[in-house]
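Hi everyone, thanks for making the time.

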Amino acid sequence: MNKPTVAVYKFSSCDGCQLSILNMEDELLDLVGAVEIAYFLEARRRTLPGPYDIALVEGSVTTPHEAERIQQIRQDAKILIALGTCATAGGIQALRNFTSVEDLAQIVYEHPEYLHTLEKSSPIAEYVKVDMELWGCPINKYQLLEVIQAILQKRRPNLPNHSVCLDCKRRGAVCVVVSQGVACLGPATRTGCGALCPANGRGCYGCFGPVPNGDLKAVSAALSPVERYPGELRHLFRNISGYAPAFRQAADGLTEPANAPVGGQK
Amino acid sequence: MNQNIEIPALARVEGEGALYVRLKDGAVSEIVLNIYEPPRFFEGFLHGRYFQEVPDITARICGICPVAYQMSSVQALEAAMGVKITPQVRTLRRLLYCAEYIESHALHIYMLQAPDLVGHESAISLAGEAPELVKKALRLKKIGNDLLRTIGGRSVHPVNTCVGGFYRWPDKKVIQALLPDLRWALQASLETVEWAATLNYPQFEQNYEFVACSRPDEYAIYDGAVLSSSGKQINHEDFEKHYLETHVPQSNALHSHSVAGTSYFVGPLARLNLNFAQLRPLAQEAAQKINLQLPLRNPYKGLIARAIELVEVCDVAIEIAEGYQPSGESHVSFKLQAGEGCGVSEAPRGLIYHRYIVDEQGMIRFAKITPPTAQNFAQMEADLWALAPSAIQLPQEEASIAFEHLLRSYDPCISCATHFLKLKVERS
């Protein structure tokens, strides 16, 4: 039997999720034994022509070129997996979606007219059908391994859907909300990191996006009293995964503090 | 090579771009390094964020060197707000930076650049011929990542860094449990230097202005004054008076040059050439053992410089881990205060500068970030010009590899920079 072919693509992103593949130091050589890495520019110069069995797409769509390119990638792929928070929710660069991209461009670039960019940073699923989403900024490499193994074994991947808060309890970490009065998105955020931030004595900032079916109104109500500064909770929702619908709504449901500075705001 | 060529993809770098080499009457008429890695506007959306969010956000500029972004950010913000960190915090930050160097340099040496020098398209194909070498590279990289994870929680976008210090001291036992691995890594790094010296590098030397952080008392990575091979040394606070960024039409990245309008070169070659005297004895001996002659002016030999730096950072990491004794608060307390401040440090691929203005509520009012690759673009273009006359004499495929290898040797981070560098040569 021929090995399944895998293609890895980068859109607007930091490289961190693809790097998570290269960071499978113990598994990488076995992985390249089990699948054919047909297209992965960060790792290899050789490319094999499509179609591919699995396309792993890192990054969000932010340019006209990317909006075209994703169509071809979808056509070439049997299974398309959106990899990481940029690909599933637009990523940190989707903070532009709450402001005007022209204003941001003016701040950063001397000649914004040279830029080719779209008004919004969008998740892959806004452009093409996505077969599976792996959340995280960055992804959890073991979740990716599980997905690839499941595909090889023709079974459903076993990906947990509970909140970070539960992981925190499981690892016996002290709750930062209760013990320190620090705002923490643990109850609102999908598992995947292993409750890293609370275990390091700080609040979760939502890298893995909203937990499915979370009651974010209740989370907002519970955390509002512990804000360190007016608008903190809104900042927490409107961050790495800020364009994910549930976080977007949660942030919209919180009032903007008076005297809010410009930028990063609606 | 006598026809237009277009390489749809430069592999084994970070970020997206294209290279156009146009020829007229058999000579090169135009070279354009087109960076079309999409703009992400970090400096724009940092406006209005709370200062303590900055190290989490700037980490997302680059998955390969998030620590560099965090370290320049927190130093700039601490300067802006008058925060004095403790010596213990500085030491642990140096250890975190050592971890990033081990991970990033092992990746670049063995997986991104070395395949060009040994005639392979990737470390994956190299693993077929030299499995032990690739396994060594992976273990080295893993040790860097393990150390990053132990201090920062995870290797990509660590979570433990804050303005004022760290959210939590890592456990002494867990840090010291890594010592056997770090000692192995030091040995592997010494072997890497010797192996690097046996590789056959392209003959290519230029007169560069090298710029790097420098300190009298240590090989500067975490902080320092800004030293140039021209002899000029400036306080890092004056960086923008001497080095400027401009925006050029073919690029989504800003390009830097000195106020005199000349290009300059940041990264491992610059650091090694300017700061060799501050290397610790082990790294110096490793360089002497391979009879290294300085200054190194061959960009491909950045690989040797990285290997020597691996020795240095493993050596430093072992010393810090052995003496690691967490006590007191892991971050200092301070009052919010409006101000402006800047910070520099040495990312694995070169000097990185940040400047922020913070208001009295602790909100960011202005942010400026100058990454290493932006500073090297002008020099990369100049090098492409210097290489082109000989490269275009080569057969098409070899010419492409020659241009690509030169660019890869810079370890460009186009997302801060791999993925897609298109080489298009047009003849008119």
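Let's start in chain B, where E6(B) and strand E7, residues 225-228, pair in the antiparallel sense over four bridges. Two strands count as paired if DSSP finds at least two bridges between them. Helices here are DSSP runs of H or I with at least four residues, strands are runs of E with at least two, and both are numbered from the N terminus. Before going further, please note that this is a predicted model, in which local features need pLDDT of at least 70, side-chain atom pairs count only at pLDDT 80 or more, and totals for chains, interfaces and linings use all residues. Residues are numbered from 1 along each chain as its sequence is written, while chains are lettered from A and ligands numbered from 1 in the order in which they are written.

Back to our pair: Val211(B) has Ser228(B) in E7(B) as its bridge partner. These strands belong to an open sheet of three, ordered E6-E7-E8 in chain B, with antiparallel pairing. Its edge strands, each pairing on one side only, are E6 (211-214) and E8 (233-234) of chain B.

What lies across E6 and E7 of chain B? That is helix H10 of chain B, residues 268-275, which runs at about 55° to E6(B). For angles like this, axes are lines fitted to C-alpha atoms, for helices over the stretch in contact, and the angles run from 0 to 180 degrees between N-to-C directions.

H10(B) also meets helix H12 of chain B, residues 302-323: their axes come within 8 Å and cross at roughly 65°. The two helices are therefore roughly perpendicular to each other, a label for angles of 65 to 115 degrees; under 35 is roughly parallel, over 145 roughly antiparallel, and the rest oblique. On the H10(B) side the contact is made by Pro268(B), Leu269(B) and Leu272(B), and the H12(B) residues include Ala305(B) and Ile308(B). Contact means that C-beta atoms, placed from the backbone, lie within 7 Å.

Now compare helix H6 (131-152) and helix H8 (179-198) of chain B, whose axes come within 10 Å and cross at roughly 135°. That makes H6(B) oblique to H8(B). Among the residues in this contact are Leu140(B) and Ile143(B) of H6(B), with Leu182(B) and Ala185(B) of H8(B).

Over to chain A, where five strands form an open sheet in the order E2-E1-E3-E4-E5, with parallel pairing. At the edges are E2 (36-40) and E5 (132-134) of chain A. Neighbouring strands of this sheet are turned by 25° against each other on average, direction ignored. Within the sheet, strand E1 (5-10) and strand E3 (52-58) of chain A pair over five bridges, and Ala7(A) has Ala55(A) as its bridge partner in E3(A). Helix H6 of chain A, residues 141-152, packs on the sheet and touches E3, E4 and E5 of chain A.

How confident is the predictor in chain A? On pLDDT, its confidence in each residue from 0 to 100, chain A has a mean of 91, and 93% of its residues reach 70 or more. Over residues 262-266 of chain A, though, pLDDT stays under 50. Where pLDDT is low, the predicted coordinates should not be read in detail.

Definitions and conventions
Two residues are in contact if their C-beta atoms, placed from the backbone, lie within 7 Å.
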